[in-house]
Amino acid sequence: MSSGIAIPDEVVDAYQKVQGSERKYQWVSFKIADDAKKVVVCDKGEIGNDTPWEDFVDRALPKDDTRWAVYDFKWQTNEGQDRQKPIMISWAPDDLGIKKKMVHSSSNDALKKKFTGIHAYIQANDFSDVEKQAVVDKCNGK
């Protein structure tokens, strides 16, 4: 199902600055614009400011609205190897209205197609879904 919401070039450009050769951001969050016609950049964290995971969650994922976020995630594999790869979070809190969640959900695939190179995709409806260990487990294939 497609929502018909546009994904402008500036959204893809912001993503490329998380994982591409012109890396500028550690993370970027996105939302559906107020006019409900396109996805827009909502917030971002510059490289060098190294936003801790918990601060990123607090800043990028509001309790009362949907968001997508891409984060250049660092973790250790089960074998003890250091890894760093982009992950994408689709955030739609359980207690939001059904229409808002449906529009957000129906835009997921289009956004995922534009964001190539994502290591892990996390569907989150509650803050327990984005606890750091849960994300590490997902990145490690659990």
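Me: Which residues of helix 2 are buried?

Reply: Trp53, Phe56, Val57 and Ala60 are the buried residues of helix 2. Buried means under 20% relative accessible area (exposed is over 50%, partly exposed in between; 1.4 Å probe, protein chains only). Helices are DSSP runs of H or I with at least four residues; strands are runs of E with at least two, and both are numbered from the N terminus.

Me: What makes them line one face of the helix?

Reply: Look down the axis of helix 2: its buried residues fall within an arc of 100 degrees, so they line one face. The arc is that of the directions from the helix axis to the C-beta atoms. Remember the geometry: an α-helix has 3.6 residues a turn, so residues three or four places apart point the same way.

Me: What kind of model is this, and how are its values made?

Reply: The model is predicted: local features need pLDDT of at least 70, side-chain atom pairs count only at pLDDT 80 or more, and totals for chains, interfaces and linings use all residues. Residues are numbered from 1 along each chain as its sequence is written, and side-chain values use heavy atoms, with hydrogens and water left out.

Me: How many aromatic pairs are there?

Reply: A search of the whole structure finds 10. A pair is described by the distance of the centres and the angle of the planes.

Me: Why is the pair of Trp53 and Phe73 called edge-to-face?

Reply: Rings of Phe, Tyr and Trp (its six-membered ring) pair if their centres lie within 6.5 Å; planes under 30 degrees apart count as stacked, over 60 as edge-to-face and the rest as tilted. Here the centres are 5.1 Å apart and the planes stand at 70 degrees, so the pair is edge-to-face. It links distant parts of the chain: Trp53 is in helix 2 (residues 53-60), Phe73 in strand 3 (residues 67-76), 20 residues apart. Trp53 and Phe73 are both buried.

Me: Why is the pair of Phe56 and Tyr71 called tilted?

Reply: The centres are 4.6 Å apart and the planes at 45 degrees, so the pair is tilted. Phe56 in helix 2 and Tyr71 in strand 3 are 15 residues apart.

Me: How do you know that Phe56 and Tyr71 are buried?

Reply: Phe56 has a relative accessible area of 0%. Tyr71 has 5%, and counts as buried.

Me: Which residues do ring pairs link into a cluster?

Reply: The cluster holds Trp27, Trp53, Phe56, Tyr71, Phe73 and Trp75.

Me: What makes strand 1 largely enclosed?

Reply: 7 of its 8 residues are buried, so the rest of the structure largely encloses strand 1.

Me: How do you know that strand 1 and strand 2 pair?

Reply: Two strands pair if DSSP finds at least two bridges between them. Strand 1 and strand 2 have 7 bridges, in the antiparallel sense. In strand 2, Gly45 is the bridge partner of Trp27. Strand 1 also pairs with strand 3, antiparallel, over 4 bridges.

Me: What makes strand 2 and strand 5 edge strands?

Reply: 5 strands form an open sheet in the order 2-1-3-4-5, with mixed pairing. Strand 2 (39-46) and strand 5 (120-124) each pair on one side only.

Me: What makes Lys112 sit over a ring?

Reply: The rule is that NZ of Lys or CZ of Arg is within 6 Å of the ring centre and within 35 degrees of the ring normal. The charged end of Lys112 sits over the ring of Tyr121, 3.9 Å from its centre.
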